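Work through the exercises below with the sequence and the structure in view. Each task is followed by a worked solution.

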Amino acid sequence: MVKKVHPKLEEPVEAENWTEGIEQPLALLDQIDEDIASTAEIANHSVVSARQFSRQQLIQLCRLAAKFETQQSFGQFPLTGKILISAFYEPSTRTRLSFESVWHRLGGDIISITDPSTTGIAKGESLKDVAEMMNHYGDMVVLRDSNEKAIYEMLDVLRIPIINAGNGTDEHPTQALADLYAIIKWRPELMMDEVSEDQKITIGIIGNPSRMRTVRSLLLFLSRISQGINEVVIISNSTESFSPGQREELEAEGLKLRVTHDLESELPSFDITYINAIAWVGNTYEEHGIEYKLSKSSPLKKGSIILHPLARGEELSTDLDNTEHNWYFAQARGAVFARMALMSSLVRF
Ligand code: CP
């Protein structure tokens, strides 16, 4: 059989405009005044938990992300000569690639470990000793580790900032920053001190806050904008949706929470539907709420958006990709700019 040239090879590579929510950072820039002092506060800090950030800092990080997103090219390279140590001991597509893309785009260099068994850890070296070495080899560490305590052990020894890229079932604060950036690009008014009743939103979260690090960190950030949220409805069949103290902490910040197992009757009221079905635990993953699925035929509210940290499975049908509800690709794209804002704010010279 004679092989033919694939039709895709006949055309130049071209970006298609097929998802909603990609280009709205200008609205955000218009509504929020710059306050450099807020981002300066986080310079030279490590980032382990979403609870480290105030609303004002989040507003300014999202504003800075929007500034990066609206730039056609990056004329400045603030990380020139700086080395990132990228340590990912768990699978990752988006987080690792976006962190490394950011560091490169801002002019820096990267050294990486993707498998701890290729390091002295395989010979019994302690994390503290590994961290001590890292002090001399790089200027910042990004760590993903299924052991939730590993980052805290390293924190004790490190004299350079470390960023949590996912620590077990505990937290994933930079994913939550990307989620928040997507939300406030969609509705910048949610960051204002006062949000009128008709602008307040209802958020549905299909997932388990006690087992999913993305959900845990997102809820902490949502608690910072609780003045703009009517209610967060957790859709879960689990008998233990919250870890001890988790719900109380969020409610103390003014976030109204409700847990139900009934997705179909709640879905038409959601302005944002966030869905995730996977929690990575140890060397494998747990599935949560796989009976809940979203597709084009789901009773979604008109104008509402869907967020998903990705990777997706059967819970999120690809038939939603070409609908107005698809903000999950914009969310993943925006993660680059959100991380750019964070990293350029953390490194001070
Ligand atoms: N959202 C997220 O953490 O994706 P990765 O596991 O691909 O990094």
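This is a predicted model: local features need pLDDT of at least 70, side-chain atom pairs count only at pLDDT 80 or more; totals for chains, interfaces and linings use all residues.

**Exercise 1.** Give the strand order of the five-stranded open sheet, and name its edge strands.

Solution. Step one: the order reads β7-β6-β5-β8-β11, and the pairing is parallel. Step two: β7 (257-260) and β11 (305-307) form the edges, since each pairs on one side only. Step three: from one strand to the next, the twist averages 20°.

**Exercise 2.** State how many bridges join β5 to β8, and find the partner of Gly204.

Solution. Step one: β5 (residues 201-206) and β8 (residues 272-275) run parallel and are joined by four bridges. Step two: Gly204 has Thr273 of β8 as its bridge partner.

**Exercise 3.** List the residues around the ligand, sort them by class, and explain why the ligand lies between two domains.

Solution. Step one: the shell consists of Ser92, Thr93, Arg94, Thr95, Gly166, His172, Gln175, Pro309, Leu310 and Ala311. Step two: three of the shell residues are nonpolar, six are polar and one is charged. Step three: domain 1 (23-172 + 335-347) and domain 2 (173-332) both contribute residues to this shell, so the ligand lies between them.

Notes
Residues are numbered from 1 along each chain as its sequence is written. A residue is near a molecule or strand if its C-beta atom, placed from the backbone, lies within 6 Å of it. Ala, Val, Leu, Ile, Met, Phe, Trp, Tyr, Cys and Pro count as nonpolar, Asp, Glu, Lys and Arg as charged, and the others, Gly among them, as polar. Domain bounds come from an automatic or database domain assignment. Two strands pair if DSSP finds at least two bridges between them. Helices (H or I, at least four residues) and strands (E, at least two) are DSSP runs, numbered from the N terminus. Axes are lines fitted to C-alpha atoms, for helices over the stretch in contact, and angles run from 0 to 180 degrees between N-to-C directions.
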